[in-house]
Amino acid sequence: MENLQLWDFRFIDFVDVFLVAILLYYIYKLVKGTVAINIFIGILIIYFAWRLTDYLNMHMLYSIFDGFMKVGIIALIVVFQPEIRKFLLMVGSTNISGKRNLFKNFKFLKNDDQTSTDVDAIINACNKMGASNTGALIVIERNNNLDFLTNTGDEMNILVSQPIIESIFFKNSPLHDGAIIIDKNVVKATRVILPVNNEKNIPERFGLRHRAAIGITEKTDAIALCVSEETGQISYIKNGEFEMFKNTDELRDKIKHDLG
């Protein structure tokens, strides 16, 4: 058997390794911060155990792990159904022909000089709206492209600022109904209609805005901020769940971390 030489490593092999690395990176991004990350690690452990028992000729253990791996694809589809849906949604909603292409979604391939979201302006606006019991629903795009939702409302291209957000959700404003979508530091759509989750049981004090926030954050990796029109309370929703925070500073840190 000939020894594998370093120069036998072809360019296509480099491309193969690079694409696998991107795939693994994106899988990690999808499951990071969710219960699925522990399941994913468990599956990796079982996979390496399967390969190890095969290498060591441990026939009984290998047959057990082999049986698990043969039905593993079905188990993966069932367990990771939300994450697979998010991934397919990201691929399907990518506009390759436009300025927003597939590589936009891989943050480590982008320049660091792109404008970051003004989290302080968003939180200050939410606090001001909460004090006056002005309802609001703000969706912040992360990796998954939300362009497929913008045609349900009015497409915009407005730089994020506290006065802009407050004026959009002002009760007499024609734009206050529905959600706004923020991409980087730009409000790219207003009056957006979001998918509503009617399956999850949530306290009665939360209304349609919160169900819409749960729905969009379940189906994509976006994050959402809701301001209750009844109580003025600010809610932060990620992965279809309410994220708890003690004060505004902690909320700011959470959002910056999730957008980082």
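Reader: What makes β1 and β3 partners?

Author: β1 and β3 run parallel and are joined by three bridges. Two strands pair if DSSP finds at least two bridges between them, so β1 and β3 count as a pair. Strands here are DSSP runs of E, at least two residues, and helices are runs of H or I, at least four, numbered from the N terminus. Ile 140 stands opposite Ile 182 in β3.

By the way, this is a predicted model: local features need pLDDT of at least 70, side-chain atom pairs count only at pLDDT 80 or more, and totals for chains, interfaces and linings use all residues. Residues are numbered from 1 along each chain as its sequence is written, and side-chain values use heavy atoms, leaving out hydrogens and water.

Reader: Why are β2 and β7 said to stand at the edges?

Author: The open sheet has seven strands in the order β2-β4-β3-β1-β5-β6-β7, with mixed pairing. β2 (154-159) and β7 (241-243) each have a single partner strand, so one side of each lacks a neighbour in the sheet.

Reader: How do you know that α6 has the span expected of a helix?

Author: The expected span is 1.5 Å times one less than the number of residues. Helix α6 (119-131) has 13 residues and reaches 18 Å from first C-alpha to last, close to the 18 Å expected.

Reader: Which residues of α6 are called buried?

Author: Buried means under 20% relative accessible area, with a 1.4 Å probe and protein chains only. In α6, the buried residues include Val 119, Ile 122, Cys 126 and Met 129. Their cover includes β1 (136-140) and α10 (248-259), where contact means heavy atoms within 4.5 Å.

Definitions and conventions: Buried < 20%, exposed > 50% of the residue type's maximum accessible area, 1.4 Å probe, protein only.
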